[in-house]
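I opened my notebook to record a few things looked up in one structure.

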Amino acid sequence: MVSGQSRMPFRIRDAVVDDAPALAVLHVRTFQETHGGGPGVALRQQQWQAILGRTDGRDFTFVVEDDSGALVAFARGTPHDGSTPDFAGELNKIYVLRQFQRLGLGRLLVGRVAERFLGLGVRSMLLFGDARSPSNGFYEHLGAERLYSPQGEFHGGYGWRDLNSVGDRSNP
């Protein structure tokens with residue numbers, strides 16, 4: 001159990017297929033809070049059922065439950081497609097409901113994703129976000145470096161070249 005500043009306990013666990021409906025609702029809500037708009041629950045549920053139904057072990061999703069069992073945050077790790085050869089893993093998604101932000105859940109999720117990748121032999125990871133997001137400082141605080149285009153432009157990419165360094169920064 002993880003305790004945040006509000007003293008509310010949380011549990012981080014691997015997502016399972018049965019989580020698809022609740023995860024779809026959480027995904028839509030957190031996406032709207034962060035970016036506005038986005039796909040609806042029905043599409044997200046189909047996507048999560050397909051993702052969580054895979055048994056190849058190549059990607060994984062962690063969910064955070066509050067003390068009532070409701071999902072309040074999630075993160076997904078996937079192998080990176082190789083377009084950026086210095087990074088083998090990708091923090092594909094990470095979202096925390098606004099009311100649960102600043103409790104350390106995002107930091108714990110990044111740490112858990114890094115641990116899982118290390119257990120799979122993946123030593124580096126990147127993520128692609130919004131270059132204008134106020135959350136970018138969060139990634140930098142956890143040791144991610146900004147990734148620049150060959151032209152020197154920043155488009156929202158961040159990377160960790162050594163995931164062993166994430167563990168120290170992700171513990172509260």
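**Entry 1: His80 and its surroundings**

I began with the contacts of His80. Leaving aside neighbours within four places in sequence, I found His80 in contact with Phe87, Ala88, Gly89, Glu90, Leu126 and Phe128. I keep in mind that this model is predicted.

Where does His80 lie? I placed His80 in the loop between β4 (71–79) and β5. Is His80 buried or exposed? The relative accessible area of His80 is 10%. Buried means under 20%, so His80 is buried.

Next I looked up the polar contacts of the His80 side chain. One joins it to the side chain of Asp81, at 3.3 Å. Another joins the side chains of His80 and Ser83, at 3.4 Å.

**Entry 2: His27 in α1**

I turned to another histidine, His27, which lies in helix α1. I read a relative accessibility of 2% for His27, so this residue counts as buried. Which residues is His27 in contact with, leaving aside neighbours within four places in sequence? I listed Arg44, Trp48, Phe74, Lys93 and Tyr95. With Trp48 there is also a polar contact, side chain to side chain, of 2.9 Å.

**Entry 3: How α1 and α2 pack**

His27 and Trp48 both turn up again where α1 meets α2. I noted the ranges: α1 covers residues 20–35 and α2 covers residues 41–53. At what angle do these helices pack? The angle is about 125°, and the axes are 8 Å apart. The crossing of α1 past α2 is right-handed.

Then I listed who meets whom. From α1 come Ala20, Pro21, Leu23, Ala24, Val25, His27, Val28 and Phe31. From α2 come Val41, Arg44, Gln45, Trp48, Gln49 and Leu52. By class, I sorted this contact into 10 nonpolar, three polar and one charged residues.

I also checked Gln47, which is in helix α2. Its relative accessible area is 30%, so Gln47 is partly exposed. How many residues apart in sequence are Gln47 and Ala20? They are 27 residues apart in sequence, and 8.4 Å apart in space, C-alpha to C-alpha.

**Entry 4: Two residues of α3**

I picked Ala114, found in helix α3, and Glu115, also placed in helix α3. Which is buried and which is exposed? Ala114 counts as buried, at 2% relative accessibility. Glu115 counts as exposed, at 51%. Exposed means over 50%.

Not counting residues up to four places away in sequence, I saw Ala114 touch Leu163 and Val166. From Ala114 to Gly77 I counted 37 residues in sequence and 8.7 Å in space, C-alpha to C-alpha. From Glu115 to Tyr139 the gap is 24 residues in sequence and 16 Å in space, again C-alpha to C-alpha.

**Entry 5: The backbone at Arg102**

Last, I looked up a backbone angle. Most residues other than glycine have a negative phi. Arg102 is not glycine, yet its phi is positive, near 70°. Where is Arg102? I found Arg102 in the loop between β5 (89–96) and α3 (105–119). The relative accessible area of Arg102 is 77%, so I marked this residue as exposed.

Methods. Residues are numbered from 1 along each chain as its sequence is written. This is a predicted model: local features need pLDDT of at least 70, side-chain atom pairs count only at pLDDT 80 or more; totals for chains, interfaces and linings use all residues. Side-chain values use heavy atoms; hydrogens and water are left out. Helices (H or I, at least four residues) and strands (E, at least two) are DSSP runs, numbered from the N terminus. Buried means under 20% relative accessible area, exposed over 50%, partly exposed in between (1.4 Å probe, protein chains only). Axes are lines fitted to C-alpha atoms, for helices over the stretch in contact, and angles run from 0 to 180 degrees between N-to-C directions. A crossing is left-handed if the near helix is turned anticlockwise from the far one by less than a right angle, and right-handed if clockwise. Contact means heavy atoms within 4.5 Å. Ala, Val, Leu, Ile, Met, Phe, Trp, Tyr, Cys and Pro count as nonpolar, Asp, Glu, Lys and Arg as charged, and the others, Gly among them, as polar. A polar contact is a pair of N or O atoms within 3.5 Å; within protein, one must be able to donate a hydrogen and the other to accept it, and residues adjacent in sequence count only if both atoms are side-chain atoms.
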